[in-house]
Structure formats: structure tokens, C-alpha cells
Amino acid sequence: MDRMDQKQNVLRQPAERLYAKELEALKDADQDPKPAGWQLSPRSVLTFITGGQASGVNITPKYIGHTRLVEIAIATLLTDRALLLIGEPGTAKSWLSENLTAAIHGDSSKVVQGTAGTSEEHVRYSWNYAMLLAHGPSDEALLKSPIYRAMEGGGIARFEEISRCASEVQDALISILSEKTISIPELGREVSATRGFSIIATANTRDRGVNEMSAALKRRFNILVLPSPSGLETEVEIVRKRIGEIAANYELQAALPEEEAVRKIVTIFRELRAGVTLDSKEKLKSPSGVISTAEAISLLTNSMALAASFGNGRIQEEDLAAALQGAIVKDEEKDRIAWKEYLENVMKKRGSEWRSLYSACREMND
């Protein structure tokens, strides 16, 4: 298999490869000054994220939301401040982080994934212990973290789900963000950041209280809170766009969901998430799980997979009902109760347009 075939068979390409044609068009058309280490000017980065035209190429929007928030994020990365994106699950924190990094530096691969098992070595550096024992500390034995490599090259490192890390791991960032250096006492030296270096971190609001970030660390970031989609139409547009991209990447042999199906799923998710119907006339019980935009996208993608593999290639109400059941009822009795009440008190009363979906969901829930 040659390199071209390998690229085509990759399950998920990084943003700089996925949108390589758009980035090249923006580079060709870019006449504005570029900051040190940046491949595009701030205005062109904004166009890459929010959409537009460049050199006759259509630039697809990567983030559908408040343009001003994107402008603030880009402006932050022009300074010596790091950027922290906070939001509910499904607010495109990681997606925005990846695409900002791809547009600015053309390499979004320098990533630290925050988990309970993330250690300080993942933030700073570690060693090849076989070489360390054989020859002692040396450059050859040194294993550089993504942040270390970003500092050397004047790039951007991404720190995903930072609040899931233990406090001592988070605090390892304080000196890096303050002094822009990493000390290596074993080699008797320190590495200083090249101009252009920064960090984009993300944090989930659902993780508050897990490992709360210290005030000292928060002061090193400019913090942006990414809101959930403001209205039904915006969320429908986001869901439709992402489903189209994912379906093309996975080569799902099914028709894209119809507008009515997308609108129904988004309506259900928005109402259960908010605990009230869209017309604000009836309060609802919210399930315990995450009823996010990302979940709606996953639900409809799974429905396409069902239709392609076991149906006629078009999403049916039964496919949606099965996916809804799995997305909303998360092994808790109160979820089942909340879903049943929604079916009987809301969906059942919405008339003929909702009747077949109600019947399919009711059958699944019995």
C-alpha cells in the first residue's frame, strides 16, 4: 500500500491535512502581516475558523458560534498568555483548539491528554530508562513532551481536559507559562521557548470539583467560556454540517438524515438539556447523562450506520428510536422515568408529524 492509499484509509485526519487545500488557498491570498512563527495572519486564521473565500476556494466554517469569541481566542495567542477554553460537553472546545493550531502553525499533533493517569513527565520530559541506565543522562535518552517540543519549535501545544489531571500535574505548567522555560537539572541546562510558543487548554464544566484548577494557574490563562448553541437553528446547522463530514469520512452507505429528522432530534435534546419545552410551557425532568450537541451528532451518525447495514439506506423512525433510547437512558432508573414522561407528556401531544417517532420510541421503552 503506497503513501497516498494510507492517507485515504486513515480513520481521522488531523485538521491540517483534512483542510490542506483551504490552508494553501489562504496562504496564497494572505497579504496581511504574520506574527512570528505563524503561517497565516490573524485575519486569515479567523477566515479559516469562521468560513469565507480565498483564491477562489470556499473556506468551510469550522466553528459555528460567536465570531467575537474566536477573535478573542486568536488575539490571546498573539500575546504571552495561554488560552483556556471552557464549556459543556459538545461545545466544540477540542475542535476549535485543533483548528486554531492547524491554522496558526500547521501542526496540531502536539497534544497532552489529561486523565487521572497523566503525570508531570507528560508535561515536561521523561527518559529512555534503558539508555539512561547504560550511559547516564544525555540528549539521546531525553524524551521530550509535546509541550517541550512546542517550546523548541515556537509552536502551540494542546492540553485536553486539563481539569482531569491531578493538581501537581497542573501546577507543573505554572513555571512553564510564567517563565517560558523548562529546567533540566540532570543535564545542567534549561530550554527556553521560541517566539510563537503557546498552549491551548480545554476544560469541561462537568468536571468541576474533580481537580479544580488553582488560582495561580488560572491567572496564567485567558479564559473563554464556549456557550452551548444559542438557538435551535444554529444547533441544527452544526449537527447537519458535522454529520456530513463524518459520514463522508466513514463512507457510510446511507442517505444523510432529512431536515425533519435532524430538527426533531435537536429539539428533543435541547428540551431535555434545558429541563423545559421550547415554548417554556412545560417543565421537564432532565436525564443524568450528557445531552449535548456532540451526542446528537453521534446519535444521527449511528442511525445512518443502522440504516446502511440493516435497512434500506434511509434513516427510519425505528433507527432514531433505538439511538435515542441508548443516548438518553444511561443505566439509571430516573433516566427511564424522565424519558417516559417526555414521551407521554410532550412527544405524544405534538400531533401527526411526531406520531411515528413517538410510537417507535414507545415500543423501544416498553
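A charge sits over a ring, in what I'll show you, if NZ of Lys or CZ of Arg is within 6 Å of the ring centre and within 35 degrees of the ring normal. With that in hand, R242 has its charged end over the ring of W95, 4.6 Å from the centre.

Before going on, a word on the model. It is predicted, with local features needing pLDDT of at least 70, side-chain atom pairs counting only at pLDDT 80 or more, and totals for chains, interfaces and linings using all residues. Residues are numbered from 1 along each chain as its sequence is written, and side-chain values use heavy atoms, leaving out hydrogens and water.

Now the rings. There are four aromatic pairs in the structure (Phe, Tyr and Trp rings, for Trp the six-membered one, with centres within 6.5 Å; planes under 30 degrees apart are stacked, over 60 edge-to-face, the rest tilted). One of them is Y19 with F48: the centres are 5.9 Å apart and the planes at 80°, so we call it edge-to-face. Y19 is in the loop between α2 and α3, F48 is in helix α4, and 29 residues separate them. (Helices are DSSP runs of H or I, at least four residues, numbered from the N terminus.)

Y19 also pairs edge-to-face with W95, at 6.4 Å between centres and 70° between planes. Because W95 is in helix α6, that pair ties together parts 76 residues apart in sequence.

So what do Y19, F48 and W95 form? One aromatic cluster. Y19 and W95 are buried, meaning under 20% relative accessible area with a 1.4 Å probe, protein chains only. F48 is buried too, at 0%, and the charged end of K62 sits over the F48 ring, 4.0 Å from its centre.

Note on methods:
Helices (H or I, at least four residues) and strands (E, at least two) are DSSP runs, numbered from the N terminus. Buried means under 20% relative accessible area, exposed over 50%, partly exposed in between (1.4 Å probe, protein chains only).
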